[in-house]
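Hi there,

I'm passing this structure on to you, along with some notes on what turned up in it. Have a look at it first, then read on.

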Amino acid sequence: MIYTDKEKYSDILSTSLTYLENSGFENIKADAEGYETPKSYHKKGSDIDVTPDIVAEKEGRKHYFELSLKSEEPRLLKSKWLFLNTLSTMTSSRFKIITTRGHYKFTNEMLEDINLTDKKLIKI
């Protein structure tokens, strides 16, 4: 989810955090109240900062989670997903996408556009 949508979808973010806690994830970082903010990455040559929605650990491996919700800026969202996918590959981490009912089609179309169709969605 991009920064402009954070307030609009804060309830889905909290539901996702609860789901991850119940699934055994530890050391959860998220841009939400009561959680430490994950590390941001600055795009060189622009004023864009990329911050993963949720970062957590399970069995010693880091996982990056992104909430896939309908957005006004799909291009920015696609570039964020590609960056996080590349980052997770370079650091032997995992990149997963969380979505909810009403956003499945949007998410699948976005994944097809950027050729990440191998990603399995976490449906909440």
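There are six salt bridges in this predicted model, counting a side-chain nitrogen of Lys or Arg within 4 Å of a carboxyl oxygen of Asp or Glu. One of them joins Lys6 to Asp53, with 3.0 Å between the closest N and O atoms. Lys6 sits in the segment before helix 1 (10-22) and Asp53 in the loop between strand 3 (49-50) and strand 4 (54-58), so the pair ties together parts 47 residues apart in sequence. Asp53 is buried at 0% relative accessible area (buried is under 20%, exposed over 50%, partly exposed in between, with a 1.4 Å probe and protein chains only), and Lys6 is buried too, at 13%.

Asp113 is exposed, at 54%.

A word on numbering and cut-offs: residues count from 1 along each chain as its sequence is written. Local features need pLDDT of at least 70 and side-chain atom pairs 80 or more, while totals for chains, interfaces and linings use all residues, and side-chain values use heavy atoms, leaving out hydrogens and water.

Helices (H or I, at least four residues) and strands (E, at least two) are DSSP runs numbered from the N terminus.

Happy exploring!
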